[in-house]
Amino acid sequence: QVQLVESGGKLVQAGGSLRLSCAASGHTFSNYVMGWFRQAPGKEREFVAAVSWSARTTYHADSMKGRFTISRDNAKNTMYLQMNDLKPEDTAVYYCAAKFGFRRYSDYSQYDSWGQGTQVTVSS
């Protein structure tokens, strides 16, 4: 399995921006489909976005389209999530995850490797 470490989460005011990073190690990063999920207290883990191994294909949850953008740099073994116009309801722990194949990319149970999460808090 690939090892994943998220960073970039912090406290930000509503309307602000953040860029989260997910650094991978241990296996060939470009072999994996990568995804971002988030989990707020008392809620289920929620799909945010996914990106294919080549970065040519991306999917974003409908509620985040136009505000969040997933990307990856295979040369740096790193995935990113650019988050703009943040809202208090975006407050959650954000996790990056890796899997083989693009099927069921929004289903968290299909992912094999997970990071420890990074906290994003948006104040109103």
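**Labels and their grounds**

Author: In this predicted model, a network of salt bridges links Arg38, Glu46, Arg67 and Asp90. The structure holds six salt bridges.

Reader: What makes the contact between Asp90 and Arg67 a salt bridge?

Author: The N to O distance between the side chains of Asp90 and Arg67 is 2.7 Å, and a salt bridge asks for a side-chain nitrogen of Lys or Arg within 4 Å of a carboxyl oxygen of Asp or Glu, so the label applies. Asp90 lies in the loop between β8 (78-83) and β9 (92-99), while Arg67 lies in the loop between β6 (58-60) and β7 (68-73), so the pair ties together parts that are 23 residues apart in sequence. Both Asp90 and Arg67 are buried.

Reader: Why does the contact of Lys87 with Asp85 count as a salt bridge, and why is Lys87 called partly exposed?

Author: The side chains of Lys87 and Asp85 meet at 3.6 Å, N to O, and because the cut-off is 4 Å, this contact is a salt bridge. Lys87 has a relative accessible area of 28% and Asp85 one of 38%; buried means under 20% and exposed over 50%, so values in between are called partly exposed.

Reader: Why is the pair of Tyr59 and Phe102 called edge-to-face?

Author: The ring centres of Tyr59 and Phe102 are 5.3 Å apart and their planes stand at 65°. Tyr59 is in strand β6 and Phe102 in the loop between β9 and β10 (113-114), 43 residues apart, so that the pair links distant parts of the chain. Tyr59 and Phe102 also belong to one aromatic cluster, whose members include Phe37, Tyr95 and Trp114.

Reader: How do you know that the charged end of Arg72 sits over the ring of Phe29?

Author: The charged end of Arg72 is 4.3 Å from the centre of the Phe29 ring; the label asks for a distance within 6 Å and a position within 35 degrees of the ring normal. In β8, Met79 is the bridge partner of Arg72.

Reader: What makes β1 and β7 edge strands?

Author: The open sheet of four strands runs in the order β1-β3-β8-β7, with antiparallel pairing, and β1 (3-7) and β7 each pair on one side only.

Terms used:
Residues numbered from 1 in each chain as written. Predicted model: local features only at pLDDT ≥ 70, side-chain atom pairs only at ≥ 80, totals over all residues. Heavy atoms only, no water. Helix = DSSP H or I, 4+ residues; strand = E, 2+ residues; numbered from the N terminus. Buried < 20%, exposed > 50% of the residue type's maximum accessible area, 1.4 Å probe, protein only. Pairing = 2+ DSSP bridges. Phe/Tyr/Trp six-rings, centres within 6.5 Å; stacked < 30°, edge-to-face > 60°.
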